[in-house]
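Here is a short report on one protein model. Look at the sequence and the structure first, then read on.

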Amino acid sequence: MRETPFVASRLHALSGLLYVLSFATAMLLPGLISSPGEPLVTPYSSDADVQQFLDSGSASAPVGAFFQALAAVALLVFTAYVAVTMRRRGDIGRAAGLAHASGAVASALLLSSAAVQWIMSRPGSGSDLRVFRFAMDLAFITGGPLHIVTLGLFVGAASAAMLRTRALPSWLGRLGIGIATLCVLAIFSLLASAASVFIPAGRFIGFIWFAAASVLLARRGRLAPDPVDLGSTR
(Lines give C-alpha, C1' and ligand atoms only; values in the text may rest on other atoms or scores of the structure.)
Protein backbone atom coordinates (compact mmCIF):
# COMPACT_ATOMS: atom_id res chain seq x y z
CA MET A 1 0.00 0.00 0.00
CA ARG A 2 2.99 2.30 0.59
CA GLU A 3 4.58 1.54 -2.78
CA THR A 4 2.51 3.99 -4.85
CA PRO A 5 3.22 7.04 -2.63
CA PHE A 6 6.90 6.09 -2.56
CA VAL A 7 7.05 5.92 -6.37
CA ALA A 8 5.26 9.27 -6.63
CA SER A 9 7.73 10.74 -4.17
CA ARG A 10 10.66 9.53 -6.26
CA LEU A 11 9.14 11.04 -9.39
CA HIS A 12 8.67 14.37 -7.62
CA ALA A 13 12.30 14.25 -6.49
CA LEU A 14 13.47 13.65 -10.07
CA SER A 15 11.81 16.89 -11.16
CA GLY A 16 15.05 18.57 -10.04
CA LEU A 17 16.92 16.60 -12.68
CA LEU A 18 14.22 17.44 -15.23
CA TYR A 19 14.80 21.13 -14.44
CA VAL A 20 18.50 20.77 -15.30
CA LEU A 21 17.87 18.81 -18.51
CA SER A 22 15.12 21.15 -19.69
CA PHE A 23 17.13 24.30 -19.06
CA ALA A 24 20.21 22.82 -20.73
CA THR A 25 18.06 21.98 -23.75
CA ALA A 26 16.66 25.53 -23.77
CA MET A 27 20.20 26.88 -24.02
CA LEU A 28 21.68 24.40 -26.48
CA LEU A 29 18.90 23.43 -28.90
CA PRO A 30 18.17 26.93 -30.30
CA GLY A 31 21.83 27.24 -31.27
CA LEU A 32 21.73 23.92 -33.09
CA ILE A 33 18.67 24.78 -35.17
CA SER A 34 19.50 28.45 -35.83
CA SER A 35 20.73 29.64 -39.20
CA PRO A 36 24.49 29.55 -39.89
CA GLY A 37 26.16 32.84 -39.04
CA GLU A 38 23.22 34.03 -36.93
CA PRO A 39 24.61 36.51 -34.37
CA LEU A 40 24.29 35.96 -30.63
CA VAL A 41 22.74 38.99 -28.98
CA THR A 42 22.49 40.04 -25.33
CA PRO A 43 21.19 43.17 -23.60
CA TYR A 44 24.75 44.50 -23.90
CA SER A 45 24.86 44.07 -27.70
CA SER A 46 24.90 47.09 -29.99
CA ASP A 47 21.83 48.15 -31.94
CA ALA A 48 23.60 47.07 -35.13
CA ASP A 49 24.08 43.52 -33.87
CA VAL A 50 20.50 43.31 -32.63
CA GLN A 51 19.21 44.61 -35.97
CA GLN A 52 21.30 42.00 -37.77
CA PHE A 53 19.74 39.34 -35.57
CA LEU A 54 16.26 40.60 -36.41
CA ASP A 55 17.06 40.65 -40.11
CA SER A 56 18.19 37.00 -39.94
CA GLY A 57 14.64 35.98 -39.05
CA SER A 58 15.57 33.47 -36.33
CA ALA A 59 12.99 30.76 -35.68
CA SER A 60 14.73 29.28 -32.64
CA ALA A 61 13.27 31.60 -29.96
CA PRO A 62 9.96 29.68 -29.47
CA VAL A 63 11.91 26.43 -28.98
CA GLY A 64 14.06 27.94 -26.27
CA ALA A 65 10.99 29.53 -24.64
CA PHE A 66 9.18 26.17 -24.55
CA PHE A 67 11.98 24.27 -22.83
CA GLN A 68 12.62 27.14 -20.43
CA ALA A 69 8.95 27.10 -19.46
CA LEU A 70 9.20 23.34 -18.93
CA ALA A 71 12.24 23.94 -16.71
CA ALA A 72 10.26 26.50 -14.68
CA VAL A 73 7.44 24.02 -14.05
CA ALA A 74 9.90 21.29 -13.07
CA LEU A 75 11.64 23.70 -10.68
CA LEU A 76 8.32 24.58 -9.08
CA VAL A 77 7.53 20.90 -8.47
CA PHE A 78 11.00 20.24 -7.05
CA THR A 79 10.98 23.20 -4.68
CA ALA A 80 7.54 22.22 -3.40
CA TYR A 81 8.74 18.64 -2.86
CA VAL A 82 11.83 19.77 -0.96
CA ALA A 83 9.85 22.21 1.19
CA VAL A 84 7.24 19.59 2.12
CA THR A 85 9.84 17.01 3.05
CA MET A 86 11.77 19.61 5.06
CA ARG A 87 8.64 20.24 7.11
CA ARG A 88 8.83 16.67 8.38
CA ARG A 89 11.32 18.14 10.83
CA GLY A 90 9.67 20.89 12.85
CA ASP A 91 13.00 22.38 13.94
CA ILE A 92 13.69 23.60 10.36
CA GLY A 93 10.23 24.97 9.62
CA ARG A 94 11.53 28.48 8.89
CA ALA A 95 14.04 27.14 6.39
CA ALA A 96 11.24 25.20 4.72
CA GLY A 97 9.16 28.36 4.38
CA LEU A 98 12.08 30.28 2.88
CA ALA A 99 12.85 27.43 0.47
CA HIS A 100 9.23 27.16 -0.66
CA ALA A 101 8.73 30.92 -1.13
CA SER A 102 12.05 31.62 -2.88
CA GLY A 103 11.71 28.53 -5.08
CA ALA A 104 8.20 29.55 -6.13
CA VAL A 105 9.35 33.08 -6.97
CA ALA A 106 12.36 31.75 -8.91
CA SER A 107 10.03 29.50 -10.92
CA ALA A 108 7.62 32.37 -11.63
CA LEU A 109 10.45 34.62 -12.81
CA LEU A 110 11.82 31.91 -15.09
CA LEU A 111 8.37 31.28 -16.52
CA SER A 112 7.89 35.02 -17.08
CA SER A 113 11.21 35.16 -18.94
CA ALA A 114 10.11 32.28 -21.15
CA ALA A 115 6.84 34.06 -21.92
CA VAL A 116 8.66 37.25 -22.91
CA GLN A 117 11.03 35.27 -25.13
CA TRP A 118 8.03 33.83 -26.95
CA ILE A 119 6.62 37.34 -27.40
CA MET A 120 9.98 38.42 -28.85
CA SER A 121 9.53 35.87 -31.65
CA ARG A 122 6.17 37.34 -32.77
CA PRO A 123 6.16 39.49 -35.93
CA GLY A 124 4.80 42.55 -34.11
CA SER A 125 7.66 42.72 -31.61
CA GLY A 126 10.37 41.03 -33.62
CA SER A 127 10.23 43.60 -36.41
CA ASP A 128 10.73 46.70 -34.25
CA LEU A 129 14.18 47.31 -32.77
CA ARG A 130 13.00 49.31 -29.75
CA VAL A 131 10.22 46.90 -28.84
CA PHE A 132 12.55 43.94 -29.28
CA ARG A 133 15.26 45.50 -27.09
CA PHE A 134 12.72 46.26 -24.36
CA ALA A 135 11.46 42.67 -24.45
CA MET A 136 15.02 41.34 -24.47
CA ASP A 137 15.93 43.43 -21.42
CA LEU A 138 12.80 42.22 -19.63
CA ALA A 139 13.56 38.58 -20.46
CA PHE A 140 17.12 39.05 -19.21
CA ILE A 141 16.30 40.69 -15.91
CA THR A 142 13.58 38.18 -15.01
CA GLY A 143 15.41 35.07 -16.18
CA GLY A 144 18.86 36.36 -15.25
CA PRO A 145 19.73 38.24 -12.04
CA LEU A 146 16.31 38.17 -10.35
CA HIS A 147 15.79 34.47 -11.06
CA ILE A 148 19.32 33.55 -10.01
CA VAL A 149 19.15 35.48 -6.72
CA THR A 150 15.88 33.83 -5.66
CA LEU A 151 17.17 30.46 -6.87
CA GLY A 152 20.20 30.95 -4.64
CA LEU A 153 17.96 31.59 -1.63
CA PHE A 154 16.21 28.29 -2.29
CA VAL A 155 19.46 26.35 -2.68
CA GLY A 156 20.90 27.97 0.45
CA ALA A 157 17.86 27.19 2.61
CA ALA A 158 17.68 23.59 1.38
CA SER A 159 21.43 23.10 1.84
CA ALA A 160 21.29 24.44 5.39
CA ALA A 161 18.59 21.89 6.14
CA MET A 162 20.69 19.10 4.64
CA LEU A 163 23.66 20.03 6.81
CA ARG A 164 21.52 20.27 9.94
CA THR A 165 19.69 16.97 9.48
CA ARG A 166 22.57 15.11 7.81
CA ALA A 167 19.97 13.82 5.38
CA LEU A 168 22.37 14.03 2.44
CA PRO A 169 26.18 14.13 2.12
CA SER A 170 27.75 17.13 3.81
CA TRP A 171 29.68 18.02 0.64
CA LEU A 172 26.41 18.66 -1.13
CA GLY A 173 25.24 20.97 1.62
CA ARG A 174 28.51 22.91 1.61
CA LEU A 175 28.42 23.12 -2.18
CA GLY A 176 24.90 24.50 -1.97
CA ILE A 177 25.96 27.22 0.46
CA GLY A 178 28.73 28.25 -1.95
CA ILE A 179 26.32 28.26 -4.89
CA ALA A 180 23.85 30.35 -2.92
CA THR A 181 26.59 32.92 -2.29
CA LEU A 182 27.41 33.13 -6.01
CA CYS A 183 23.74 33.47 -6.90
CA VAL A 184 23.09 36.28 -4.43
CA LEU A 185 26.11 38.18 -5.77
CA ALA A 186 24.40 38.18 -9.18
CA ILE A 187 22.21 41.05 -7.95
CA PHE A 188 25.18 43.37 -8.52
CA SER A 189 24.83 42.78 -12.26
CA LEU A 190 22.08 45.39 -12.07
CA LEU A 191 24.78 47.93 -11.21
CA ALA A 192 27.71 46.74 -13.32
CA SER A 193 27.84 44.46 -16.36
CA ALA A 194 31.07 42.89 -15.05
CA ALA A 195 29.07 41.29 -12.22
CA SER A 196 27.04 39.37 -14.83
CA VAL A 197 29.64 36.62 -14.50
CA PHE A 198 27.87 35.53 -11.32
CA ILE A 199 24.73 34.67 -13.32
CA PRO A 200 26.19 31.76 -15.37
CA ALA A 201 28.46 30.80 -12.45
CA GLY A 202 25.52 30.35 -10.11
CA ARG A 203 23.36 28.75 -12.77
CA PHE A 204 25.82 26.19 -14.16
CA ILE A 205 27.39 25.17 -10.86
CA GLY A 206 23.85 25.03 -9.51
CA PHE A 207 23.06 22.40 -12.13
CA ILE A 208 25.47 20.07 -10.29
CA TRP A 209 23.64 20.65 -7.01
CA PHE A 210 20.19 20.14 -8.49
CA ALA A 211 21.16 16.97 -10.36
CA ALA A 212 22.93 15.45 -7.35
CA ALA A 213 20.22 16.40 -4.85
CA SER A 214 17.48 15.18 -7.17
CA VAL A 215 19.04 11.75 -7.73
CA LEU A 216 19.97 11.26 -4.07
CA LEU A 217 16.52 12.31 -2.88
CA ALA A 218 14.91 9.97 -5.39
CA ARG A 219 17.02 7.08 -4.09
CA ARG A 220 16.19 7.82 -0.46
CA GLY A 221 12.63 8.90 -1.11
CA ARG A 222 12.72 11.99 1.14
CA LEU A 223 14.88 14.80 2.38
CA ALA A 224 14.74 13.90 6.08
CA PRO A 225 13.54 10.91 8.13
CA ASP A 226 9.89 11.01 9.11
CA PRO A 227 9.70 11.60 12.88
CA VAL A 228 7.08 8.89 13.12
CA ASP A 229 9.44 6.36 11.60
CA LEU A 230 12.27 7.27 13.97
CA GLY A 231 10.50 5.69 16.90
CA SER A 232 9.41 2.60 15.01
CA THR A 233 11.31 -0.68 15.21
CA ARG A 234 9.37 -2.34 12.42
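Predicted model: local features only at pLDDT ≥ 70, side-chain atom pairs only at ≥ 80, totals over all residues.

The expected span of a helix is 1.5 Å times one less than its number of residues.

**Helix H8**

H8 has 16 residues. From its first C-alpha to its last, H8 reaches 23 Å, close to the 22 Å expected at 1.5 Å a residue.

Which residues of H8 are buried? They are Leu172, Gly173, Gly176, Ile179, Ala180 and Cys183. These residues cover an arc of only 120 degrees around the axis, so they sit on the same side of H8. An α-helix has 3.6 residues a turn, so residues three or four places apart point the same way. The buried residues of H8 pack against helix H7 (129–165) and H9.

**Two residues side by side**

Is Thr79 buried or exposed? The table gives the answer, along with the value for Leu191.

| Residue | Relative accessible area | State |
|---|---|---|
| Leu191 | 74% | exposed |
| Thr79 | 0% | buried |

Buried means under 20% relative accessible area, and exposed means over 50%. Thr79 counts as buried because its value is 0%. Leu191 counts as exposed because its value is 74%.

Thr79 is found in helix H4 (residues 61–86). Not counting residues up to four places away in sequence, Thr79 touches Gly103, Ala104 and Phe154.

Terms used
Residues numbered from 1 in each chain as written. Heavy atoms only, no water. Buried < 20%, exposed > 50% of the residue type's maximum accessible area, 1.4 Å probe, protein only. Helix = DSSP H or I, 4+ residues; strand = E, 2+ residues; numbered from the N terminus. Arc of directions from axis to C-beta. Contact = heavy atoms within 4.5 Å.
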